[in-house]
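Please look over the model below with this report in hand. The notes take a few local features in turn.

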Amino acid sequence: MILATECDVVNEVICAPASVNELFEFPTIFTIGGLEFSRTELLMLLAAFIVVALLFFGLRNGRLVPTKFELVMESAVGFVRDGIGRDVIGTDSTKFVPYLLSLFLFILVGNLFEITPFINFPITSRMAIPAFLSLVTYWIFMILGFSRNGFRYLIDTAWPKTVPVGLRWLVGLIELVSVFFLRPLTLAVRLFANMVAGHLMLTLLLASGVIFVAAIPEIGLKGAVGFFWFGLGLFMFLLEILVAVLQAYIFTLLSAIYIESSIHFEH
């Protein structure tokens, strides 16, 4: 809508609105007891419901010969349990697998909403969601770090004994800021920025393609640029599938790495 109302197909080559806020902000749909629900909140609940449904129907039977759907879900569980949990955290990974699996599937489903017909909006492009997920990971590895290592977790981070004395203050300062301040921020921003960029590119390219092609009777051959924008948008559409999976994997992998660094702090 924002592109269609503001695009000047005569003087512009691509439909680029002055503000893209409408792509990310949605009005309240309904209110329950003073709690407002917009499209974003509903999509969050839908993503959570889909994850629960996938795990329930994919793992409940435990057949010796699983169906194709059950095989896909068992492969996803095995990938997170073995490829992320066991390989990164080690023998202590079992208790963290439910969290890592839920994290991976929720982010994956939320990312794939970007290319889902009639939705076309990744919930992870709202900073509050990656920020909340990163804070959950942050509190887990902070609690683990202090519960397993005591106050030494802070002291040894700020004053690393494996570093030459002359450099300890510098390396310690960098590690202190990195571990206790930057980790949750970079974890959230990485996911947020990638999904925002993809959402904007898909919207601009596909919408511009449709608008310019529809305007061919008015502007002539110039409207043929719309075929190029639409084709590029389809390519981006396929690329965003890879980005959606990759960003879910990276977020989960880094969460496991941070947890492992708290458990095996002496390494």
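## The hairpin

β1 and β2 form a hairpin, with 2 residues between the strands. Gly33 sits in the turn and has a positive phi of about 55°. This is a predicted model, and the values here are computed from it.

Strand β1 covers residues 28–32, and strand β2 covers residues 35–38. The two pair in the antiparallel sense, over 4 bridges. Ile32 of the pairing stands opposite Leu35 in β2.

## Rings around Phe146

The structure holds 10 aromatic pairs. One of them joins Phe146 and Tyr153.

Tyr153 has a relative accessibility of 2% and counts as buried, because the limit for buried is under 20%.

Phe146 also pairs with Phe180. Here the ring centres lie 6.3 Å apart and the planes are at 45°, so the pair is tilted. This pair links distant parts of the chain. Phe146 belongs to helix α5 (residues 128–149), while Phe180 belongs to helix α7 (residues 165–214). The two residues are 34 residues apart. Phe180 counts as buried, at 10% relative accessibility.

## A ring cluster and a charge

Which residues do ring pairs link into a cluster? They are Tyr138, Trp139, Phe141 and Tyr258. Phe141 has a further neighbour in Arg183. Arg183 lies over the face of the Phe141 ring, at 5.4 Å from the ring centre.

## Arg126 in its loop

Where is the place of Arg126? Arg126 lies in the loop between α4 (97–112) and α5. Its relative accessibility is 29%. Arg126 therefore counts as partly exposed, because that class runs between the 20% limit for buried and the 50% limit for exposed.

Which residues does Arg126 touch, leaving out those up to four places away in sequence? The contacts are Phe24, Glu25, Thr40, Phe121 and Phe192. Val13 gives a separate distance for Arg126. Arg126 and Val13 are 113 residues apart in sequence. In space they are 29 Å apart, C-alpha to C-alpha.

Notes
Residues numbered from 1 in each chain as written. Predicted model: local features only at pLDDT ≥ 70, side-chain atom pairs only at ≥ 80, totals over all residues. Heavy atoms only, no water. Pairing = 2+ DSSP bridges. Phe/Tyr/Trp six-rings, centres within 6.5 Å; stacked < 30°, edge-to-face > 60°. Buried < 20%, exposed > 50% of the residue type's maximum accessible area, 1.4 Å probe, protein only. Lys NZ or Arg CZ within 6 Å of the ring centre and 35° of its normal. Contact = heavy atoms within 4.5 Å.
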